Amino acid sequence: MLKLKNVKSCFTPNSIQEAVDILKKSDGKAVIVGGGLDITVFPNPTIEQLIFLNKLGLTYIREDDENIKIGATSTITDVAKAPVMQNYLKGKVKIALTELASELLRNQITMGGSIARHHFYSDILPALYALRAKIMVSGGEFVEEFFIDDFYRNDLKVLMESCIVVGVHLNKYDDSFQFGSKRFVRNATDIALLNMAILAQIEEDIIKDISISVGSRPGPAYRFEQGEAFLRGKKLTKVLAEDFGLFTKSNVDVAKDMHLSREYRQHIAGIYTKEILLDFIGGVG
């Protein structure tokens with residue numbers, strides 16, 4: 001925090017419009033603060049203004065007939081403990097959230113911060129990609145909805161200089177859908193060195209629809225569309241799960257870094273996709 005020695009002003013706006021106005025006038029020298037984890041871990045000495053969102057009523061988890069609506073300042077713990085998440089996709093999303101990082105960090109990581117910061121190692125973003133989340137962004141006088149794929153096609157730095165992520169909406173899926181996720185870490189509280197999530201619609205053992213995402217690869221999370229095309233329309237069997245593991249190993253887009261080789265990430269990705277599909281077989285019917 002000592003690196004934030006140039007901070008001259010802290011704001012606690014009473015409306016989103018007020019927060020956006022401050023952000024726009026800051027000439028790129030303000031940062032939005034939800035849970036505060038990011039500025040603690042990555043203090044930016046060029047920041048002169050902090051804009052806190054705690055008075056804006058963005059900590060909530062609500063539902064309507066079609067969506068689960070999560071406010072931007074809701075923490076991972078808030079979401080995991082929300083009653084609506086208990087049975088959402090058979091509780092698999094809740095389990096995934098409760099296995100991330102440590103309890104201390106889950107109490108601080110917000111959904112809005114995870115989306116806006118777009119850290120490559122985030123465990124949240126692959127899940128949101130697979131769930132086809134919709135990102136709600138406000139410029140003050142308007143709220144615009146982006147499908148997550150489209151949201152990250154924006155110049156995020158430019159967008160976040162004039163808008164605030166105010167929430168995320170998750171589609172409600174019927175019982176024909178299954179969700180699974182995996183993360184490779186050196187210990188329970190470490191950042192992931194590879195993470196994956198799959199959402200699949202399976203009817204009469206046929207994969208009708210599917211979304212697969214891969215993150216911490218070490219680039220930004222992405223949709224593994226080549227893998228989706230491989231699986232869509234096929235009968236889900238143990239043989240298919242084995243075949244898809246090999247397909248993933250050969251075709252997933254991962255790279256090396258100081259922690260893992262490209263070949264090892266490919267190997268892990270193949271194992272994870274096979275294991276998630278085998279878990280789906282156990283959950284069918």
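**Note on the predicted model: cavity, pocket and sheets**

1. The largest cavity holds about 70 Å³ of space. A cavity here is a set of points, on a 1 Å grid over the protein atoms alone, where a 1.4 Å probe fits but cannot get out. Grid points are joined across faces, edges and corners, and a volume is the space filled by probe spheres set on the points. Searching the whole structure gives one cavity of 30 Å³ or more.

2. A word on the source. This is a predicted model: local features need pLDDT of at least 70, side-chain atom pairs count only at pLDDT 80 or more, and totals for chains, interfaces and linings use all residues. Residues are numbered from 1 along each chain as its sequence is written, and side-chain values use heavy atoms, with hydrogens and water left out.

3. What lines the largest cavity? The lining includes Ile 70, Val 79, Met 85, Leu 131 and Leu 170; lining residues have an atom within 4 Å of a point. The lining divides into eleven nonpolar, no polar and no charged residues. Ala, Val, Leu, Ile, Met, Phe, Trp, Tyr, Cys and Pro count as nonpolar, Asp, Glu, Lys and Arg as charged, and the others, Gly among them, as polar. α7 gives the most, with three residues.

4. The second largest pocket has a volume of about 380 Å³. A pocket is an open set of points with protein on both sides within 12 Å along at least five of seven lines. This one is lined by 21 residues; Ala 96, Glu 99, Gly 180, Ser 181 and Lys 182 lie nearest its centre. β9 supplies the largest share of the lining, five residues. By class, the lining has eleven nonpolar, three polar and seven charged residues.

5. Helices (H or I, at least four residues) and strands (E, at least two) are DSSP runs, numbered from the N terminus. Two strands pair if DSSP finds at least two bridges between them. β4 and β5 (67–71) pair over three bridges. Ile 61 has Ile 70 in β5 as its bridge partner. Ile 70 also lines the largest cavity.

6. The other open sheet described here has four strands, ordered β9-β10-β11-β12 and paired antiparallel. Its edge strands are β9 (177–184) and β12 (222–223). β11 (206–215) and β12 pair over two bridges. Arg 223 in β12 is the bridge partner of Ser 213.
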